[in-house]
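Please open the structure in your viewer and keep the selection tool at hand.

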2 protein chains.
Amino acid sequence: MEQDLIRCFSEIVGSAHAITDQTLIAPYLRENRGLFHGKTSLLLRPSSTVEIASIMRLASQTRTPIVPQGGNTGLVGAQQPDESGCSVILSMERLNKIRTLDIEGNYAVVEAGVVLRDLQEKADEMGRLFPLSMGSEGSCQIGGNLSSNAGGTAVLAYGNMRDLCLGLEVVLPDGRILDDLRFVRKDNRGYDLKDLFIGAEGTLGVITAAVLKIFSKPKGRAVAFVGLNSPANALEFLSICQCYGGFLLTAFELMDKISLQMALNYKKCDLSPFSHEHEWYVLIDVTSMRSDDDALSVLGIILEKAFEDNILDDAVIAQSLRQRDFFWQLRESMSLAQKSVGQSIKHDISIPIASIPDFIRDAALIIKEMVPDAQVVCFGHMGDGNLHYNVMQPVGSDPSDFLKLWSQMNHHIYCLVMHYQGSFSAEHGIGQLKKTELRAFKSSISLEIMQSIKKIFDPLGIMNPGKIL
Amino acid sequence: MEQDLIRCFSEIVGSAHAITDQTLIAPYLRENRGLFHGKTSLLLRPSSTVEIASIMRLASQTRTPIVPQGGNTGLVGAQQPDESGCSVILSMERLNKIRTLDIEGNYAVVEAGVVLRDLQEKADEMGRLFPLSMGSEGSCQIGGNLSSNAGGTAVLAYGNMRDLCLGLEVVLPDGRILDDLRFVRKDNRGYDLKDLFIGAEGTLGVITAAVLKIFSKPKGRAVAFVGLNSPANALEFLSICQCYGGFLLTAFELMDKISLQMALNYKKCDLSPFSHEHEWYVLIDVTSMRSDDDALSVLGIILEKAFEDNILDDAVIAQSLRQRDFFWQLRESMSLAQKSVGQSIKHDISIPIASIPDFIRDAALIIKEMVPDAQVVCFGHMGDGNLHYNVMQPVGSDPSDFLKLWSQMNHHIYCLVMHYQGSFSAEHGIGQLKKTELRAFKSSISLEIMQSIKKIFDPLGIMNPGKIL
């Protein structure tokens, strides 16, 4: 990258925020699972929408590729530059203001660089709930949550990031600012532009701020861990939970025996919630606008009905705040627990809920055929149809041999997912990781329309190039 | 229109469903409020997506404008052809199959011509709820609900049509079929195309089918009518309802004194729910997944708190199914009641909820200035920020003189709406009626992007021309 160009970019953000020192840049290039390695000569840390507009104008004039980056927690390489070193990383971290939090109107106007947990905490202080929640919430940022249409553990009742967003402010690739901030839930004024940017992984523009829904805070909560013997029973249990819980059911997390065992091992804890092992487990969370007792009473109705129908083998209701947290920590440590044991080939997928038992049965056969000794670790947000279907290397095997199966295993699993009309990318997106799958499984009509849309916004191809398309 | 062309179109749908008799066509040209008058030589009633694909191919080849029409209940002229007589009306009424209703997966696959009430009833029979609900539900169709991103009375808990839709099947203007039917809630595979068609009023393609969310049916319900003295108190009351009701609050309908009086007169009923008149009223609906008693107990908590805070002047809880229906009939008859009394100039608007009291105060001053004797009739879905702000002709005045004020009054009210960052089209859309407002109030960047998107899908301009843009 030419020094002149670096100087011009620096002038926009101030030299303190135009980073060229590779030691300082390194953390922005490191990526969660080490799958993607990119290069850059310049990292910019603008502090305002106006600065970003100037950056994009200059980038357009000089055809400089720009890679926006939030909390760098994405799992598909969408926030990494390529190997050419020509791209500039645009870190959003200094756009970190919560501009408004309106408790009567129940919305917040939030800049893209706000860390998810900061918004959760601010809403909580004001007696409100911002429901988006996931393992990375301590570092992921709102802009990234929007650009990946993040899901997480509270989608069942509150929806994903798309559902939580009322309006956006976006800097377009040519530097113009699209002010589509909206504060009302009913608004039909022409084509819906905001939803193009949500889930576009920064390829159509830079989201700089958003209007997000906030909610009244539940006053009670009850959590139970249940043991059951099959995904089919879990499906019946889900029906009962929804029948008696409705929107009060805020989470329904399925996990297999191995997932729980790994989580217990990882947390160096021999205190399983259960006295006996079960084949499958479900963690459910019920809230109430009245009290803990009221949530418990709903939970009681659900469990009673499920035992009556012989769906459950065992159920443990969290008896204290501490136990409730412990149950959730087990669920949330599953990814890390798995990482600590060895290599795995992962699939972030959705299956229409009623087909989940069939899918799990068929997928197990595929894996058995491919790697007889491999262990399947299956857990996820079953209430949303979202499974993390991960296959671990056989104990004691050579990890690199196992990882050679990556593409082939992905292909088989994704073909099965498509057979059941599911999605090969439930919540992590496409990025660099799943471009092949997108080309293989998406209809040519959809791909053609997507290309045309990309061209409207980014005719020069400078906006996070090489991602999605 | 040339006979040859009419014959070619007829061959696609069969002559029985290619209507040229103007007597039979007349009802399709009649429009709710008599604001729009169009002409056509041909009405087609296809029975399948494939037939519609053939129609659109032929339309592309011959550059014939196509105007899709659902239940013809829209209020902005989006479903009417223009005066040229060159357009073909494409009635969706024969695409009326509910293809699937999956009670485990909680979705329905529904064709565009299904009448909303038929879907509600089918879901109900299966122990499920399809929550979209509005005055026209006995004749409006799912395709129209999608194309106008319909709202109605249950948006507060369940969202509008956009929120209720998981995927779409669309025939593009060139006759290709875009199969974007999706059955899962978490699905991040590239740009979100479905949301472009939702709310596009048939200008980007013909929606032929959709995957829609269905829900567990509440087991209990409680309804109350309350009297209070100001919109500011209604705002405080809404906060309390949301604080103690959360998602259990499924409706919060504000109405002024005149609205209720008109509804009572219209229904020839002197039994007001209230012994004394109040300045403002709110109708609230609370549901429970447990029982009527449980819903009543939530309602009790809400009312107790509101009386404690001196927000309410009076409250009447519906004591029977009949009274509950009566309360809702009063609300739902408001449009018709108003129509029966005289001419009015209407505004379907959204205001950020916290600004509604200020808006109502300021708008009253504007109207007072313009037509001192006019009566404002203000009611709507306050929980969504959506008001129907209607101004009635002064009693005994000449209606045509009054209606001359239409544009000017619209302009003043919409300017105020924009001042409060609301929307001049909350749930009815743009159609032909609000094109001027769209050009006046939408940013030039948004309009330019919308034009570019229109060009991607419909380069020949045959798809419902003259609407929105």
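**First stop: Leu228(A)**

Select Leu228(A) and display its surroundings. Setting aside residues up to four places away in sequence, Leu228(A) touches Asn233(A), Ala234(A), Phe237(A), His278(A), Glu279(A), Trp280(A), Tyr281(A), Val282(A), Ile311(A), Leu312(A) and Asp313(A). Please bear in mind that this is a predicted model.

Next, colour strand β12 of chain A, residues 220–228, to which Leu228(A) belongs. Is Leu228(A) buried or exposed? Leu228(A) has a relative accessible area of 0%, and it therefore counts as buried.

**Second stop: Ala222(B)**

Move to chain B and select strand β12, residues 220–228, which contains Ala222(B). Because its relative accessibility is 4%, and buried means under 20%, Ala222(B) is classed as buried. Beyond the residues up to four places away in sequence, Ala222(B) touches Ile284(B), Asp285(B), Val286(B), Ala295(B), Leu296(B) and Leu299(B). For a separation across chain B, select Ile6(B) as well: its C-alpha atom is 55 Å from that of Ala222(B), and the two residues are 216 apart along the chain.

Select helix α9(B), residues 231–245, together with helix α11(B), residues 292–308. Two packed helices are described by the angle between their axes and the distance between the axes. Here the axes come within 9 Å and cross at roughly 145 degrees. The crossing of α9(B) and α11(B) is right-handed.

Which residues of α9(B) and α11(B) meet? On the α9(B) side they are Phe237(B), Ile240(B), Cys241(B), Tyr244(B) and Gly245(B). On the α11(B) side they are Val298(B), Ile301(B), Ile302(B), Leu303(B), Lys305(B) and Ala306(B). Of the residues in this contact, nine are nonpolar, one is polar and one is charged.

In soluble globular proteins, nonpolar side chains tend to be buried together. The largest nonpolar core in this model has 199 residues. Select Phe130, Phe237 and Phe359 in both chain A and chain B, which are the residues with the most contacts inside that core.

**Last stop: an annotated stretch**

Finally, select residues 36–217 of chain A, which an unreviewed UniProt entry lists as "domain: FAD-binding PCMH-type". Over this stretch the chain is 23% helix and 27% strand, and the end C-alpha atoms are 39 Å apart.

Terms used:
Residues are numbered from 1 along each chain as its sequence is written. Chains are lettered from A and ligands numbered from 1 in the order in which they are written. This is a predicted model: local features need pLDDT of at least 70, side-chain atom pairs count only at pLDDT 80 or more; totals for chains, interfaces and linings use all residues. Side-chain values use heavy atoms; hydrogens and water are left out. Axes are lines fitted to C-alpha atoms, for helices over the stretch in contact, and angles run from 0 to 180 degrees between N-to-C directions. Helices (H or I, at least four residues) and strands (E, at least two) are DSSP runs, numbered from the N terminus. A crossing is left-handed if the near helix is turned anticlockwise from the far one by less than a right angle, and right-handed if clockwise. Contact means heavy atoms within 4.5 Å. Ala, Val, Leu, Ile, Met, Phe, Trp, Tyr, Cys and Pro count as nonpolar, Asp, Glu, Lys and Arg as charged, and the others, Gly among them, as polar. A nonpolar core is a set of buried Ala, Val, Leu, Ile, Met, Phe, Trp, Tyr and Cys residues joined through side-chain atoms within 4.5 Å. Buried means under 20% relative accessible area, exposed over 50%, partly exposed in between (1.4 Å probe, protein chains only). UniProt positions are given in the numbering used here, feature names are shortened, and annotations may be inferred rather than shown by experiment.
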